[in-house]
Amino acid sequence: MKKIAIVLVAVMFVCSFAFAGGSADTAAQAPADTNTVKVGLLCIGDENDQGYTYNFIRGRDEATKLLAADGINVEWVTKYNIGEDATCTDANIEAAEEGCQIIFNNSYGFEPFMLEVVDEYPEIEFVSCTNCASAFDGRDNTHNAFANIYEGRYIAGVVAGLKLQQMIDEGQITPDQAVIGYVGAYSFAEVISGFTSYFLGARSVCPSVTMKVTFVGSWSDATAESDAALALADMGCVMISQHSDNTTPATAAQSRNIFHTGYNNDMTGIAPNASLISTRIDWAIYFYEAIKAYVEGEPIPQDWCKGMGDGAVVMTTLNEAIAAPGTAEKILEVEQAIADGTLQVFDTSTFTVNGEELTHAYALDTDGDFTADSEEAVYDGAFHESVFQSAPYFTERIDGIEWLNSAY
């Protein structure tokens, strides 16, 4: 068997209300006997996307309630529509100068610009969500955080696969017509890991399924995401899923009378005849833990990652009006198997790469490079994602998934 090395990359996150680029809001009102901490949240978009940024807002607001119950008041400084460019550097400086003690950056592309600032403010804790540099940069005041979203994507894939198999069994499509179209942002490890786990979930219940993936080159471009979904439908895809920030793939699927599974938010409200279920990270779990640790004088974990068993990855409400019979029961079964470890999402017996079983694949070592001493990610019959660092590092192009365009 040939050795296959895994290339590391990552991706995205965090937000608040809907304002113009760089606008900010604050929320405080603490009782006199509470601890107050000022926290910055820098967002690539605003809540109007009803997806990625909106999901961060939900996490922010829920964590605020949980912390208040512990006597901790959070004064949030939330900045919206920050670019993955020098405006991010400026936003981090502004948040620092405004007195923020912790600053969360929510997008993958923010990290390089955040790192331009961190040495000037060693007393401030900087967090890059979905990224990876803190594991290697030797700084005490930088941190990364992500969650095992691939677990939720696998379950969303199971939901999709059950629907496809129902359509086959009822004669609506033939087995070779069970084709999924996937709208991805970039060909980064996070996106690759996500659509691979989704596909494996679908194929576990619908063996004939195949998938086509197109990359739009943006985290949040509503029009491009819709156009990509419509193009996939024109190619014969009867199920659409996404790793992009907006709801337009869902509405595109509904317009073509095909099905959909989403990300970051329940999309059944805007596509009730198409969207089956979504998965999302509950960022309240991390915000609560990180802010509470800071207030109590405990270190914030340098590289935080939790999954479905910890409540950090959740599924939205199943659209039972259109889901295949037995789907709700199957979700509970798979959730339990993932939580207790009896189901490994990247079980190497369930996929091949160029016709061969994956026997070797490396996670990055502490220098950020592949070496003979890099951590071996394949062991005990599975590729172990997000074990050696929170950010995903699965980048294999497995058989059964067709990339329609190349990396961005």
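In this predicted model, helix H4 passes helix H9 in a right-handed crossing. The two helices, H4 (residues 149-169) and H9 (residues 327-340), pack at an angle of about 150° with their axes 10 Å apart. Angles over 145 degrees count as roughly antiparallel, so H4 is roughly antiparallel to H9.

| Helix | Residues in the contact |
|---|---|
| H4 | Glu151, Tyr154, Ile155, Val158, Val159, Leu162 |
| H9 | Thr327, Lys330, Ile331, Val334, Glu335, Ile338 |

By type, the residues of the contact of H4 with H9 comprise eight nonpolar, one polar and three charged. An α-helix has 3.6 residues a turn, so residues three or four places apart point the same way.

The nonpolar cores come next. The largest nonpolar core has 93 residues, and the members touching the most others are Phe104, Leu164, Phe195, Tyr286 and Ile291. Helix H4 gives the most to this core, with 12 residues.

Helix H7 spans residues 248-255, and its buried residues are Thr248, Pro249, Ala250, Ala252 and Ala253. Just after H7, Asn257 takes a positive phi of about 60°.

Methods. Residues are numbered from 1 along each chain as its sequence is written. This is a predicted model: local features need pLDDT of at least 70, side-chain atom pairs count only at pLDDT 80 or more; totals for chains, interfaces and linings use all residues. Side-chain values use heavy atoms; hydrogens and water are left out. Buried means under 20% relative accessible area, exposed over 50%, partly exposed in between (1.4 Å probe, protein chains only). Helices (H or I, at least four residues) and strands (E, at least two) are DSSP runs, numbered from the N terminus. A nonpolar core is a set of buried Ala, Val, Leu, Ile, Met, Phe, Trp, Tyr and Cys residues joined through side-chain atoms within 4.5 Å. Axes are lines fitted to C-alpha atoms, for helices over the stretch in contact, and angles run from 0 to 180 degrees between N-to-C directions. Angles under 35 degrees count as roughly parallel, over 145 as roughly antiparallel, 65 to 115 as roughly perpendicular and the rest as oblique. A crossing is left-handed if the near helix is turned anticlockwise from the far one by less than a right angle, and right-handed if clockwise. Contact means heavy atoms within 4.5 Å. Ala, Val, Leu, Ile, Met, Phe, Trp, Tyr, Cys and Pro count as nonpolar, Asp, Glu, Lys and Arg as charged, and the others, Gly among them, as polar.
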